[in-house]
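Dear colleague,

I am handing over the structure below, and I would be glad if you kept it open while reading the notes that follow it.

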Amino acid sequence: MTDFAHSQSAAAAIDTLIHARWIIPVDGSQTILEHHTLAIANGRITAILPTDKANHLKAETVYNLPDHALMPGFINTHGHAAMSLLRGLADDLPIMTWLQDHIWPTETTFVNEDFVYDGTRLAIAEMIRCGTTTFSDNYFFPNAAGQAALEAGMSAQLVFPVMDLATAWAKDEAHYIYKGLEVVDLFRNQDSIIVGFGPHAPYSVSDKTLKEIITLSEQLDINIQMHIHESAHEVHDAVKATGVRPLRRLADLGLLSPRLQCTHMTQLNEGEIQLIAQNGCSVLHCPESNLKLASGFAPIARLQQAGINVAIGTDGCASNNDLDMLGEMRTASLIAKAVGQDATALGAWGALEASTINGARAMGIEAETGSLELGKKADIAAINLSELENQPMYNPVSQVVYTATRNQFTHVWNQGRILMADRQLTTLDETFLKQKARQWQDRIVANLTN
């Protein structure tokens, strides 16, 4: 990274200066900048330079963070934010039992705009507190989730669900698409929110509907995110019913492209890995959800070797049970090494990239966010690395990935707006969110006991 100094007139326009012990740009160079200052103006990064050369820069707000590393805010590429209200409801069950006998019935009874709005706000608060600035949400009533994100100052990718099951949000596949396109229009002029298609899974969406999604995705130039090859059970049932594995079916339909975000992908053979690579798809890796539901292990080392863009997500709180991208990043790195039998697989830098810039690439927004570079949005997380457990400090990136915890994040900015300062949320009321969560808990428990 090249240091950049402003002219005096530009310096006068700076909104925020952050003096930090380290800056970790995640710009592809694996550079760690020591004793550097970052300047923000109009929501974007306008200078990164040594602190001892920043005396001429003036700003309305100045942060001195002598024990901190600045890094890009995490990008949580897959989740169901409102399911934070179902955290711990049906633990330790097989995936289809969990889904069909517990989650879907509860959703049928309770999911509405209020549920999604309240649950998404709870999820956003948790994500901010662990250094996340952008999240992808695949859930019902995306209009409510988007409103929650706008109010909290978070960036989001909303991928609206499409499936052949009737829900409180839509009655059939055509209705899902119709309502989803309304959401595309609703947020068309919001630069902090992008909207895409979220066909649930190969087993819940017909060929006819997938073909329509492909056409609309190309016409509108918007993303598609889908649960694919999540479990051996899914693949087995597909082969039994159709004679082909799900990914082959999707490829034959023409779904595979750089717009496709393939979530989970725990069941892959070598031919399928090459198919993903050839079509430029991204893989969204949710290791802790896969572990908890015993879904399997995504072959991350093999995906990396094939040059596939791998990004990390937490999945929803009903199957994880948290939205801690720092913990997810560490789990992803360790599992990749064990499954690949390769201690170099998804190393510290690779894990950090998979949690930041690779997520931006998957969403097609890497020119705007995912790294700390001049001109990009000031989506920044500050983590205090002075804890005893982080010492000695040979390499800040290794310590972030392998020793830090989410409570060490102290400040978060999204597009230059401070969302958390000294561990205090600035756009959300923590006490109110807890009260809302307890109210929903009481309602759901009352329904279960009747």
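**Helix packing and salt bridges**

In this predicted model, L247, R248 and A251 of helix α8 meet E272, L275 and I276 of helix α9. The two helices, α8 covering residues 246–253 and α9 covering residues 270–279, pack at an angle of about 30° with their axes 10 Å apart, and the crossing of α8 and α9 is left-handed.

A search of the whole structure finds 16 salt bridges. One of them joins E270 to R302, with the closest N and O atoms 2.7 Å apart; this pair links distant parts of the chain, since E270 sits in helix α9 and R302 in helix α11 (residues 300–305), 32 residues apart. E270 is partly exposed, at a relative accessible area of 46%, and R302 is also partly exposed, at 31%. Salt bridges with shared partners also join R87, E126 and R406 into one network.

Another salt bridge brings together the side chains of R259 and D221, at 3.2 Å from N to O. R259 lies in the loop between α8 and β10, whereas D221 lies in the loop between α6 and β9, so the pair ties together parts that are 38 residues apart in sequence. R259 is partly exposed, with a relative accessible area of 25%, while D221 counts as exposed because its relative accessibility is 55%, and exposed means over 50%.

Finally, on the surface, L291, F297 and V339 form a nonpolar patch with about 250 Å² of accessible area together. L291 belongs to helix α10 (residues 287–292) and counts as partly exposed, at 40% relative accessibility.

Key
Residues numbered from 1 in each chain as written. Predicted model: local features only at pLDDT ≥ 70, side-chain atom pairs only at ≥ 80, totals over all residues. Heavy atoms only, no water. Patch = residues over 30% accessible without salt bridge, like charges linked within 9 Å, V, L, I, M, F, W, Y side chains within 5 Å. Areas by Shrake-Rupley, 256 points an atom, 1.4 Å probe, with all protein chains shown as cover. Salt bridge = Lys/Arg side-chain N within 4 Å of Asp/Glu carboxyl O. Helix = DSSP H or I, 4+ residues; strand = E, 2+ residues; numbered from the N terminus. Buried < 20%, exposed > 50% of the residue type's maximum accessible area, 1.4 Å probe, protein only. Axes fitted to C-alpha atoms, helices over the stretch in contact; angles between N-to-C directions. Left-handed = near helix turned anticlockwise from the far one by under 90°. Contact = heavy atoms within 4.5 Å.
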